[in-house]
Amino acid sequence: MDKTVLFWILFGVLGFGFALAVQMRVMVALVLRRALKAWRSDLEDRVKANSAVVWAAGAKPLPESANPWLSEAVAHLQATYPMPLNHLRRARKYSVVLPVLLIVLIAIGRFGLGVI
């Protein structure tokens, strides 16, 4: 197989993966915000609901000085929606790693393989 074809196949796969990861981040966060809105009507504010989703999917635990509504919302999300939160964590990782791999692949294609 020609190196140009292999390069563009890899580029397409990494680009598609990046687009999918970004889409997953947006869609899962949107669904979790709507789930919070359905759970409690005072979480209709997008900023409040989004902060709860971010803390629920985050790697760090919620600080003790957090607002009571935030700790309740985070606990509800973690207890009720563990799989979507795992998908959101995975999409976050991929949306950080895949652009770096795309840049490295472009550099290899340009300077190493000479296909660009």
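**A walk along helix 4**

In helix 4, the residues L85, L88, A91, S95, L98, L102, L105 and G109 are buried (under 20% relative accessible area with a 1.4 Å probe, protein chains only; exposed is over 50%, and partly exposed lies in between). Helices here are DSSP runs of H or I, at least four residues, numbered from the N terminus. Why the spacing? An α-helix has 3.6 residues a turn, so residues three or four places apart point the same way.

Before going on, note that this is a predicted model, where local features need pLDDT of at least 70, side-chain atom pairs count only at pLDDT 80 or more, and totals for chains, interfaces and linings use all residues. Residues are numbered from 1 along each chain as its sequence is written, and side-chain values use heavy atoms, leaving out hydrogens and water.

What do those buried residues pack against? Their partners are helix 1 (3–39), helix 2 (46–57) and helix 3 (68–80), with contact meaning heavy atoms within 4.5 Å.

Pick out L32: not counting residues up to four places away in sequence, L32 touches V53, L77, Y81, P84, L85 and L88.

Finally, I9 sits in helix 1, and I9 counts as partly exposed because its relative accessibility is 44%.

Note on methods. Helices (H or I, at least four residues) and strands (E, at least two) are DSSP runs, numbered from the N terminus.
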